[in-house]
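Reader: Got a model to go through. Can we start with how the helices pack, then move to the rings?

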Amino acid sequence: MHESITIGQLSARSGVAPSALRYYERLGLIRAERTGGNQRRYPRTELRRVAFIRISQQVGVSLDEIRTALDSLPASRTPTAADWARLSATWRERLNERIRLMTKLRDDLDSCIGCGCLSLQRCTLNNPGDALGGEGAGARLMLPRPDGPPGSDGPAPADASPGSGGDHGAAVIAS
């Protein structure tokens, strides 16, 4: 094999543990040849594939999606800058959405510090817009509802949509 490296060298150069490299190989994300002594030897170009995998994972792409992306390359070649631009464009909106959600979480946490959730009626994290207020005043136990979403104590309010906060089963304290 021309310009090959050992698993230890690939690990040291990429910052990825040998166990993870073996896992990537089992998934078909990277490839190695074997020596007569059954030792793995990786083409040096696998460094770029490992970098592609790590960066893709950092933006929230699953290993299945990464495998699909790598399988779309001709003859299992290493991704080029043009490949990265094409493949990452499909993930860009997901990354933008994660950024929006993280920014909102950060901003909501700023308003929550020191609150101690004494006013869950106004809590932007557990009960945005007082979505659970229609169920009455008083504390609510955070147990599953028999016919509602997990973390709730009854059917979901009509205006509670997934991700709106109405499905978290937060307590409501009347003010």
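Author: First the angle classes: under 35 degrees is roughly parallel, over 145 roughly antiparallel, 65 to 115 roughly perpendicular, and the rest oblique. Axes are lines fitted to C-alpha atoms, for helices over the stretch in contact, with angles from 0 to 180 degrees between N-to-C directions. Helices are DSSP runs (H or I, at least four residues), and strands are too (E, at least two), numbered from the N terminus.

Reader: What ground rules apply to the model and the numbering?

Author: The model is predicted: local features need pLDDT of at least 70, side-chain atom pairs count only at pLDDT 80 or more, and totals for chains, interfaces and linings use all residues. Residues are numbered from 1 along each chain as its sequence is written, and side-chain values use heavy atoms, with hydrogens and water left out.

Reader: At what angle do α1 and α2 cross?

Author: Roughly 105°, with the axes of α1 (residues 7-14) and α2 (residues 18-27) coming within 9 Å. The two are therefore roughly perpendicular.

Reader: Which residues meet there?

Author: Ile-7, Leu-10, Ser-11 and Ser-14 of α1 meet Pro-18, Leu-21 and Arg-22 of α2. Contact means heavy atoms within 4.5 Å. By class that is 4 nonpolar, 2 polar and 1 charged. Nonpolar covers Ala, Val, Leu, Ile, Met, Phe, Trp, Tyr, Cys and Pro; charged covers Asp, Glu, Lys and Arg; the others, Gly among them, are polar.

Reader: And how do α1 and α3 cross?

Author: At roughly 50°, axes within 10 Å. So α1 and α3 are oblique to each other. Leu-10, Arg-13 and Ser-14 in α1 touch Glu-46, Leu-47, Val-50 and Arg-54 in α3. That contact has 3 nonpolar, 1 polar and 3 charged residues.

Reader: Switching to rings. How many aromatic pairs?

Author: The count is 3. Rings of Phe, Tyr and Trp (its six-membered ring) pair if their centres lie within 6.5 Å; planes under 30 degrees apart are stacked, over 60 edge-to-face, the rest tilted. Phe-52 and Trp-84 are edge-to-face, at 5.2 Å and 90°. Phe-52 is in α3 (residues 46-58) and Trp-84 in α5 (residues 81-112), so this pair ties together parts 32 residues apart in sequence.

Reader: Is Phe-52 buried or exposed?

Author: Buried, at 4% relative accessibility. The cut-offs are under 20% for buried, over 50% for exposed, and partly exposed in between (1.4 Å probe, protein chains only). Trp-84 is partly exposed at 29%.

Reader: What geometry does Phe-52 have with Trp-91?

Author: Tilted, 6.2 Å centre to centre, 50° between the planes. Trp-91 is buried at 8%. Phe-52, Trp-84 and Trp-91 form one aromatic cluster.
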